[in-house]
There are 2 protein chains.
Amino acid sequence: MIDKLIKSIELKQNPTVVGLDPTYEIIPSFIKNEMLETYGKTPKAVAEMFLKFNKEIIDETFELVPAVKPQVAMYEKYGLEGIRAYIETCEYAKEKGLLVIGDIKRGDIASTAAAYASHIEGTHIEGEFFDLWNEDAVTINPYMGYDGIEPFLNACKNMNKGIFVLVKTSNPSSSEIQDLTVDGTPIYKISASLVNKWGESSIGNCGYSNVGAVVGATHKAIGTELRAYMPNTFFLVPGYGAQGGTGKDLVNYFDKNGGGAIINSSRGIIGAYQKDLSNEKDFAKASRQAVIEMRDDLQKGGN
Amino acid sequence: MIDKLIKSIELKQNPTVVGLDPTYEIIPSFIKNEMLETYGKTPKAVAEMFLKFNKEIIDETFELVPAVKPQVAMYEKYGLEGIRAYIETCEYAKEKGLLVIGDIKRGDIASTAAAYASHIEGTHIEGEFFDLWNEDAVTINPYMGYDGIEPFLNACKNMNKGIFVLVKTSNPSSSEIQDLTVDGTPIYKISASLVNKWGESSIGNCGYSNVGAVVGATHKAIGTELRAYMPNTFFLVPGYGAQGGTGKDLVNYFDKNGGGAIINSSRGIIGAYQKDLSNEKDFAKASRQAVIEMRDDLQKGGN
């Protein structure tokens, strides 16, 4: 995963990840009306809205970005039909050559964690293999420690898939647990140290591990601190744009070669068309433009 | 949720929760063969196995227990078909008058947490209301703090649904983060204090809140400590049986009236038939017997 991701970032000269987190509100009204007419006021209508919306955005951006990150919660809201839209979105992105980071933030123990690991490891049924989720990497919650991570490590190492473990999230109340200090060391740094250890056995040719970390864009000093502390850990950085982060703030999240991190933006890209609703039909082109602006902002950040 | 749960526990004189965590391995071979013949080596076959297995166990136990707790990971392993089996299991349990605790351990922030909250709050589409997951309560991860909890609190308070927040999980490596101490106070106790606060506004007539806590059966001293520290917080206790906990160990997880906690067992109940494979067809009756033995063990615990 990690070597492929880094190669794609270099090829496209862009560490931007498109957060495919559709909401009912963000869907352009012409798509909304079409699906409501065809499928009624049903979860299936919303699933079809999400699919059409996502596919057009993927079509306009896949040549510019290395990866997409669909947030499964947005799809779970619409039950089984929503999950179908999630899986089909992942499949479509994969077909377009994009890496798919499933933002699922799962975390559980033992046999349960092993079951979740099938997100990236696939599932065997009587010798037949199924890749049912089409994800290359997923996000994971570390609250339960190694028991929750271990089943994923095999998939990282043997199948060249990836995980991004929550270390420091971008939200304000992340401080309630993550910033507490144990003998002077904050919890996020203890999580970081665990992630360093968990990732040791799956470091790729590029020097980074398939076990990455989620480090929010909204904590500049912590990003700088963790970059130095986690030299082999690739960062997935949420919180750009809508949550307040800018290219300038993120300079220190990258390594000295400008690598080591991908930056996610969701609303800033998929909702870009809302700045000028007269061109609603061109919503995907507005997303493309937002991706270009974000790429330029991130490149400028280093200068 | 909480008043209804407590009433049902009292009626059935049993705080046992049946963990509906099917695996491919635990399915009796006659069901396996039937579904493989009908649907081939497919995720649909496994989904149908899980459904038939779960429904028979529910049929044999619903009069004896207040609730079931399906673990969504086991179903996610089989993709969209697996999720269908999860949702239909929840629906079937609900029809039988059982409370459904979805063991989903979700945790995210802001609009994402709000999307996850639809598990218990339901979903509106153009004025139409859908309860797509059929859960009365779900488990939640507190790593991101209040931002991840807040959207659920409305559902707890206004819709009388519930959450159980992970405080101290039953697995060995739970110590890696949860037992770290901040100025002498362990993280699990800080989580406990947050849960106490988050639950204040939805305490039912019974004195317990719709915001409960997950406290593993495998840490007897911590269970005792937290029972005293969280007088208005109902406990969901995993780790009985297969993970090592017994009725005697759990006495102090209950309040002085023998209430305040439900005890989950998964493999010990749904895999009970494996002790005598000659009666495979009676697997659900073996589950019924295991529920009765567990109830008696828990009742005896107090004496």
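Predicted model: local features only at pLDDT ≥ 70, side-chain atom pairs only at ≥ 80, totals over all residues.
Local features here need pLDDT of at least 70, side-chain atom pairs count only at pLDDT 80 or more, and totals for chains, interfaces and linings use all residues. Residues are numbered from 1 along each chain as its sequence is written, chains are lettered from A in the order in which they are written, and side-chain values use heavy atoms, leaving out hydrogens and water.

Let's start with symmetry. Two copies of a chain are related by a rotation about an axis and a shift along it.

Now to the interface. Because 100% of the interface residues of chain B are also interface residues in chain A, the copies meet through the same surface. Contact means heavy atoms within 4.5 Å, and buried area is the accessible area (1.4 Å probe) that two parts lose on being put together, summed over both.

| Feature of the interface | Value |
|---|---|
| Residues in contact | 68 residues from chain B, 68 residues from chain A |
| Buried area | about 5600 Å², 64% from carbon and sulfur atoms |
| Salt bridges | four salt bridges |

A salt bridge pairs a side-chain nitrogen of Lys or Arg with a carboxyl oxygen of Asp or Glu within 4 Å. One joins the side chains of B:E76 and A:R106, at 3.0 Å from N to O.
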